[in-house]
Amino acid sequence: MMDIKRTGEGEDCGMRLARRHVLTGLGAGGIAMLPACSAADEAVRIGFVVKMPQEQWFQDEWRFAGIAAEELGFDLLRIGAEDGDRVLSALGTLYARHAGGFVICAPDPRLGPAIRIAAEQSGMKAMSVDDRLTGPTGQPIPGIPHVGISAVEIGRMAGEAALAEARRRGWSPDTLGVLRIAYDSLETGRERTGGAVAALTAGGVPSGRIFDAPQRTTDTEGAFTAASPVLTQQGRVRNWIILGLNDETVVGGVRAAEGLGLGPNEVIGIGIGGSESAIADLAKPRPTGFFASILLSPRRHGFDTSVTMYRWITEGVRPPDVTLTPGILMDRSNYRRLLIQEGQA
């Protein structure tokens, strides 16, 4: 059950206020705690903190978490936290509102030690989702269960799908080009594109045919800006496989290729995520160079994590240390069926 006791459960107002201030001073910005004391009801409250609340993936996670809240009868507290100070502020808010636990995708996985300390001192249970929390050296934080995506395997799926389509088209591995739109500062991004490249090289694509396009941002505009000069420099290559860490990145690469006159017969773009960007291209009356996406499941990352947290709080059932979710290849032939199946249509 929740470690923060309610009024009438043996802990008076002054004692609870003292407990509320145990988090003060954590991090550079500290956590501002609410000074007021009020009676709390018996409702279970669960926080769901995400790093980019404006992105469709996180909106979908929140939506599915909300469905879990309605079905099980707990209060869901949705909070966007785009930087470290906002993460600490969010945890303070959750503690002040008597949350029994939280699910978090942090803006920087290296915030792991601060998040663990906050959870331990407040008594809130903590789970990470999407990006696993780490220490300064990149080692996973022990004691915080994680639900994520096997980034390497997802990337490998993208690479294998691209290679299969290239073979179907009769492309020679010695003449095609692979554009890896890279965001290597993010471990998940590095693992996804690394898995894709590993699949391609294992399938016979020479490493010299793989060209990197480092991007500054992970959106379509950032990918377009990164891809254009590389495609221009390699103007003699007419058949391209385009890969990246998400759908938006690959769509940006495809748009850059279109600007150089490369159409759907010359481009195989495989995204990751199954986002609105992917669906928009797959739904177009005429095919584009965006060939497919590896559909990920925000339902499992939103609904399932929230249910798991609820059971941990109410029944003491601790989640597994690591749970990795799979992906499904989504193209023009099956995207409508898959979206309905995943509750995203």
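At what angle do the axes of helix H5 (residues 151-168) and helix H6 (residues 187-202) cross, and within what distance do they come? In this predicted model, the two axes come within 6 Å and cross at roughly 40°, an angle that makes H5 oblique to H6. The crossing in which H5 passes H6 is right-handed. On the side of H5, the contact is made by Ala-151, Val-152, Gly-155, Arg-156, Gly-159, Glu-160 and Leu-163, and on the side of H6 by Thr-188, Glu-191, Arg-192, Gly-195, Ala-196, Ala-198, Ala-199 and Leu-200. Of the residues in this contact, seven are nonpolar, four polar and four charged.

Six strands form an open sheet with parallel pairing, in the order S2-S1-S3-S4-S5-S11. Strand S2 (75-80) and strand S11 (322-325) stand at the edges with a single partner strand each, so that one side of each is left without a neighbour in the sheet. On average, and with direction ignored, neighbouring strands of this sheet are turned by 15° against each other. Strand S5 (residues 146-149) runs parallel to S11 and is joined to S11 by four bridges, with Ile-149 standing opposite Thr-325 in S11.

Helix H3 (residues 84-96) lies across strand S1 (45-50), S2 and strand S3 (101-104), and runs at about 160° to S2, whereas helix H10 (residues 298-315) lies across S1, S3, strand S4 (125-130), S5 and S11, running at about 165° to S4.

A further parallel pairing joins strand S9 (residues 267-273) to S10 through five bridges, and Ile-272 stands opposite Ile-294 in S10. Strand S10 (residues 290-295) is mostly covered, with five of its six residues buried.

Methods
Residues numbered from 1 in each chain as written. Predicted model: local features only at pLDDT ≥ 70, side-chain atom pairs only at ≥ 80, totals over all residues. Heavy atoms only, no water. Axes fitted to C-alpha atoms, helices over the stretch in contact; angles between N-to-C directions. Helix = DSSP H or I, 4+ residues; strand = E, 2+ residues; numbered from the N terminus. Parallel < 35°, antiparallel > 145°, perpendicular 65-115°, else oblique. Left-handed = near helix turned anticlockwise from the far one by under 90°. Contact = heavy atoms within 4.5 Å. Nonpolar A, V, L, I, M, F, W, Y, C, P; charged D, E, K, R; others polar. Buried < 20%, exposed > 50% of the residue type's maximum accessible area, 1.4 Å probe, protein only. Pairing = 2+ DSSP bridges.
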